[in-house]
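The following exercises concern a single protein structure.

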Amino acid sequence: MPRVVSPPAPLPSPPPTHTLAPTTLKLLVVDDVEANRDMLGRRLQRKGYDVALADSGEAALELIATTDIALVLLDIMMPGMGGIETLKRIRQTYSQEQLPVIMATAKDASEDVVEALELGANDYITKPIDLPVALARIQSHLKTREASAMARQQLLASTIAAAPKPSFWDKHFRLVEVISQHAFGQIAIAQDLQDPEKPQRIIHTYRLDTNSPEILNAVEALFLTEMATLKQLPPHPQCLPVLSFLQDGEVFHVVHDYLKGTVLSKELEAQASINPRMACKFADELLTIVEVLHQADFVHTHPHPDCFLQPSEKGKKLVLIDYGVIPRILSKLSLQYPQYKQLLLEQGDSVAPEMSFGTFKPETDQYVIGKLFMQALQQSDPGANPQLAELHEATLQIFAKMCQFNIQERYPTLYDANRAVRNHWHQLWKVELSHKLEQPR
């Protein structure tokens, strides 16, 4: 395990004079040289900041995952996982607004600085560190972070204020057809009774048995936060936007525009069997859509086939119609309420294992897709052709890597997973085409 150095002993200091209260914020100093990190840690503590120290990129990532870090001071030159690679890993999960990163570098390392800024570093300072300059930049980025957090809170407040008042289902919509069902609700087509020009909608209905007002309040708060987040997502032709939402007691409804089509799970069920090329084709489409969400710093957590609709219109690509609201809510509830952790565990391998511990990251989105197609291929016949049988096994290995139990053993990013799938799909297509041409007519 990487060594995590304990914070230096606090030193007496006069009350801080910063605009933000430093004692409420924890800074992380990452440097492989013990003298450097201890000295900077103590100097920052004298200014009133709470400081954590790490001696490697691995130790820094571990601390960030388990501690509320407000800002990272990251040395570029370190053995093992260097500062650039550590920055890449941080930006897979946290945006610049969520977790500012200031790189510490030698004065002559301009190329490293340029690369770090392109990869999402907020700023840089040069060694030996000029403390007044460092403090000014730390304070500036903490203020930006606080302003971003306040903006998100305001958006959440406006979303709550704009939410329709609770109303019974039949006062707004009339059920036409249920197109998909799951353990916590359903997706249905419904007639909109209040908009005659667009009479049909797609409605998600969710129900969680809360058993107490306290848990219901927690679910309500998480649901409203989810809706505020979804409203921030930029529009995309393959992602069906949220129009509105309703709450009726313990039942929650999310409303989308109507799109004629068939959920992907039914399309897959209609296939007699799935060969490696088909599996890679479908996986490529799913990964491409989910990657759009990752570009907006959004993790789906459970992109199963019922989340996607194949439009009836010829030539149209798959469309995401379910954003994984309930799995994310359940995962967050599992941190405080054991029954929800147990509920996630009971779902077996249909959900990524880290979800039951209140954790989900971009790598989580690989899990369900990899598990789906690995299981489908295990039930298919690779055939007698040795080359095709070998490619069948290679396809299984790609999907098996996507759904490893240990999240660190999956592909580093969804882009890497999709590239592996897409490259393999082209290889399969060429081999199958060559095999067909060799067969006698």
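Helices (H or I, at least four residues) and strands (E, at least two) are DSSP runs, numbered from the N terminus. The model is predicted, so local features need pLDDT of at least 70 and side-chain atom pairs count only at pLDDT 80 or more, while totals for chains, interfaces and linings use all residues. Residues are numbered from 1 along each chain as its sequence is written, and side-chain values use heavy atoms, with hydrogens and water left out.

**Exercise 1.** Locate leucine 25 and state whether leucine 25 is buried or exposed.

Solution. Step 1: leucine 25 belongs to the segment before strand S1 (26–30). Step 2: apply the cut-offs, by which buried means under 20% relative accessible area, exposed over 50%, and partly exposed in between (1.4 Å probe, protein chains only). Step 3: the relative accessibility of leucine 25 is 14%, so leucine 25 counts as buried. Step 4: leucine 25 and aspartate 50 are separated by 25 residues in sequence, yet their C-alpha atoms are 6.1 Å apart in space.

**Exercise 2.** Examine the backbone at proline 128, aspartate 297 and threonine 301.

Solution. Step 1: a cis peptide bond, with omega near -5 degrees, joins lysine 127 to proline 128. Proline 128 lies in the loop between strand S5 (123–127) and helix H5 (131–162). Step 2: aspartate 297 is not a glycine, but its phi is positive, at about 60 degrees. Threonine 301, also a residue other than glycine, has a positive phi near 85 degrees. Step 3: aspartate 297 is placed in the loop between helix H9 (276–295) and strand S12 (308–311), and threonine 301 lies in the loop between H9 and S12. Step 4: aspartate 297 is partly exposed because its relative accessibility is 47%, whereas threonine 301 is buried because its value is 0%.

**Exercise 3.** Classify the ring pairs that link Phe223, Phe245 and Phe252.

Solution. Step 1: rings of Phe, Tyr and Trp (its six-membered ring) pair if their centres lie within 6.5 Å; planes under 30 degrees apart count as stacked, over 60 as edge-to-face and the rest as tilted. Step 2: the whole structure holds five aromatic pairs. In one of them, phenylalanine 223 and phenylalanine 245 have ring centres 5.8 Å apart and planes at 80 degrees, so this pair is edge-to-face. Phenylalanine 223 is in helix H7 (residues 213–232) and phenylalanine 245 in strand S9 (residues 242–248), so the pair ties together parts 22 residues apart in sequence. Both of these residues are buried. Step 3: for phenylalanine 223 and phenylalanine 252, the centres are 4.6 Å apart and the planes are at 40 degrees, so this pair is tilted. Phenylalanine 252 lies in strand S10 (residues 251–257) and phenylalanine 223 in helix H7, so this pair ties together parts 29 residues apart in sequence. Phenylalanine 252 is buried, as is phenylalanine 223.

**Exercise 4.** Describe how H9 packs with helix H12 (residues 364–378).

Solution. Step 1: axes are lines fitted to C-alpha atoms, for helices over the stretch in contact, and angles run from 0 to 180 degrees between N-to-C directions. Step 2: the axes of H9 and H12 are 10 Å apart, at an angle of about 170 degrees. Step 3: angles under 35 degrees count as roughly parallel, over 145 as roughly antiparallel, 65 to 115 as roughly perpendicular and the rest as oblique. The two helices H9 and H12 are therefore roughly antiparallel. Step 4: contact means heavy atoms within 4.5 Å. Among the contact residues are Phe282 and Leu286 of H9 and Ile369 and Phe373 of H12.
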